Amino acid sequence: MAEPAKKLKRTAKTSSSPQKPKVLKHKQGSVVENQAPVEESEDSDDNANQLQAPLTFEENSNTSFDSDSQPEDILNVLLTDEDSCEMEVEESSPDPIQRRLAENFLPRTIEITGKINVDCVLIPICALLNSGGGVLVITIADYSKCENPFKKLDVFWQNLETRLESMIKPSSYDEVFDRVVEQDKIQLFINATDHWCTMEYNLMLPGESKVSVPSRRNTVELLSNKPIGKNKTFSYCKVRLEELPLLPKHFLYEQKLDFHESKKIQLTNFKSGNGLLHNNNRTQHKKIVNQISAFANGSGGIILIGVNDDGTVLGQNLDSEGNRKEDVKERVELIVQGMKWSCTPESNLHWKVDFIPVGQDKDCCYVVAISVAGIKGGVFTKSPKSYELRPGDDGEETIHLLEFKEWKQRMLRETNKIMLQNESKAMREVNEKFNALSISDRVLLTVKGSVGKIRESFFAVGKGCPISPKGFESNLPEAAQLVIRRLKRCLREVATVHFLLPPVHYIPV
């Protein structure tokens, strides 16, 4: 039996047509659930008429409820305002059998005694953020087995909250999320943001000594940087391979280089093992993929494999079966083709591999130089991770991972909207600096305060009625010239007269 609510106060109206309920969020209580289906009776018409009037419950009221005819917890009866679909609920105990009142509702189960996979919670949160918001109910399966569950939960939530803040930027955590903890259950209320959310952009930017993860703004700027020109193959290159730093034609073993790592040079050295850049060498793969993405999204760069971070040349032995120059070049090509480019990557145009020999009795020892051009439109290590809810075959909402083209279209569509808003704002600011003057059936825009200055400069009338510019009278109609001559004659009879010439309809260009 559910505990009675501490405070019951609600005014609601029914709607003639069913409406989809919106997400119900509150600070202290838990999610409120729907009333179980009510069987129709002979008095259903009378009941419907009674429901047309607003229904109000007040704390400490004289209203009594019959236990045989009323639900045990009156908060299980939900009536919402048909205009706002909102209500206030405080400290109710829901029936766990009923479905939560929310447009989108997703359950998840975790264990906090071992290592928690944060992605199992981040994925549904991302889907809810991109689908209008909703409620995520997290059940802690091993809550009773854990000695200090709240301490474990705090550690887990600290890691989760950091990832959430990164995912919803520029929105803040407080604007989007509201958490309610009830022993072995966590209810996370999620409000939709005004922008598309992505878990992982899988995009890198160059640094002086390491690559960095871009912000959402960086990603949007890269996607918006489209090539210009008919020859798009070349126009995708903002920095060509020929513009990269020149490399020596050979190195000496244990030679100290006179240059260091920068935004265009990356030094690294791998143990050959079962083959340089072999599929099994995930660490090597990840490092090279990240660096290629970073250089492509920057101003291009060169990766030198076989040189320590301190600039000491060691080289890579490429003399064994399956680990020769042609094998390494083929693996680099597979890495490049497996990434997500804004264009179709071509060898010797967008990227290339060179093998610089290392001398001093070192046969088949090379420094592998991977050169990458600066590319417009963004180069991703793999498809970004972004989710949304879509109807499944059974009609239930399921989590859907967006493909790269889908995700890119969503981001660019949002970017274009922002650009239009900025252009409208800029246009309003420009228009505020102008005055609109009606001339016959047209409108002339002039800078504020300019009309008076122009009139004073060109149509000033001084002592003795000299009119500037000279010869202006000859451009006026005969009737106007006659008026000016009369005015001059009158002014000559008066010693001092300050007079402004009335505005005329003819303005010389």
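## Lys352 and Asp354

Lys352 is partly exposed because its relative accessible area is 27%, where buried means under 20%, exposed over 50%, and partly exposed in between (1.4 Å probe, protein chains only). Asp354 is likewise partly exposed, with a relative accessible area of 30%. The side chains of Lys352 and Asp354 meet in a salt bridge, with an N to O distance of 3.7 Å. A salt bridge here is a side-chain nitrogen of Lys or Arg within 4 Å of a carboxyl oxygen of Asp or Glu.

## Basis of the model

This is a predicted model, in which local features need pLDDT of at least 70 and side-chain atom pairs count only at pLDDT 80 or more, while totals for chains, interfaces and linings use all residues. Residues are numbered from 1 along each chain as its sequence is written, and side-chain values use heavy atoms, with hydrogens and water left out.

The pLDDT is the predictor's confidence in each residue, from 0 to 100. Its mean over the protein chain is 75, and 62% of the residues reach 70 or more. Over residues 495–501 pLDDT stays under 50, and the model has six contacts beyond four places in sequence for this stretch; contact means heavy atoms within 4.5 Å. Residues 503–509 also stay under 50, with five contacts beyond four places in sequence. Where pLDDT is low, the predicted coordinates should not be read in detail.

## Overall composition

The protein chain has 509 residues, of which 39% are buried. Its secondary structure comes to 11 helices and 19 strands. Helices (H or I, at least four residues) and strands (E, at least two) are DSSP runs, numbered from the N terminus. Of the contacts between residues at least 6 apart in sequence, 70% join residues at least 24 apart.

## Other salt bridges

The structure holds nine salt bridges. One of them joins the side chains of Arg163 and Glu200 at 3.6 Å, N to O. This pair links distant parts of the chain, 37 residues apart: Arg163 is in helix H3 (residues 149–168), and Glu200 is in the loop between strand E6 (185–190) and helix H5 (216–224). Arg163 counts as partly exposed at 31% relative accessibility, as does Glu200 at 22%.

Lys256 forms a salt bridge with Asp310, and the closest N and O atoms are 3.4 Å apart. Both ends of this pair lie in loops, 54 residues apart: Lys256 between strand E7 (237–239) and strand E8 (265–268), Asp310 between strand E9 (301–305) and strand E10 (316–317). Lys256 counts as exposed at 54% relative accessibility, whereas Asp310 counts as partly exposed at 42%. Elsewhere, Glu388, Arg390, Glu406 and Arg410 are linked in a network of salt bridges.

## Strand E4 and its partners

Six of the seven residues of E4 are buried, leaving the strand mostly covered. E4 runs parallel to strand E3 (residues 105–110), to which six bridges join it; strands pair if DSSP finds at least two bridges between them. Thr109 has Thr139 in E4 as its bridge partner. From E3 the chain crosses through H2 to E4, and this β-α-β crossover is right-handed, meaning that, with the strands pointing away from the viewer, the path from the first strand over the helix to the second runs clockwise.

E4 and E6 run antiparallel and are also joined by six bridges. Here Ile138 has Ile186 in E6 as its bridge partner.

Asn130 is found in the loop between helix H2 (119–129) and strand E4 (134–140). This residue is buried, with a relative accessible area of 12%. A polar atom of the Asn130 side chain lies 2.9 Å from the backbone nitrogen of Cys197, and one lies 2.8 Å from the backbone oxygen of Tyr387. Beyond its neighbours within four places in sequence, Asn130 is in contact with residues including His195, Trp196, Ser386 and Glu388. Glu388 also belongs to the salt-bridge network described above.

Val176 lies in helix H4 (residues 173–176) and is buried, with a relative accessible area of 3%. Leaving aside neighbours within four places in sequence, the residues in contact with Val176 are Leu129, Ile168, Ser171, Phe189, Ile190, Asn191 and Thr193. Val176 and Phe189 are 13 residues apart in sequence, and their C-alpha atoms are 8.1 Å apart in space.

Notes. A polar contact is a pair of N or O atoms within 3.5 Å; within protein, one must be able to donate a hydrogen and the other to accept it, and residues adjacent in sequence count only if both atoms are side-chain atoms.
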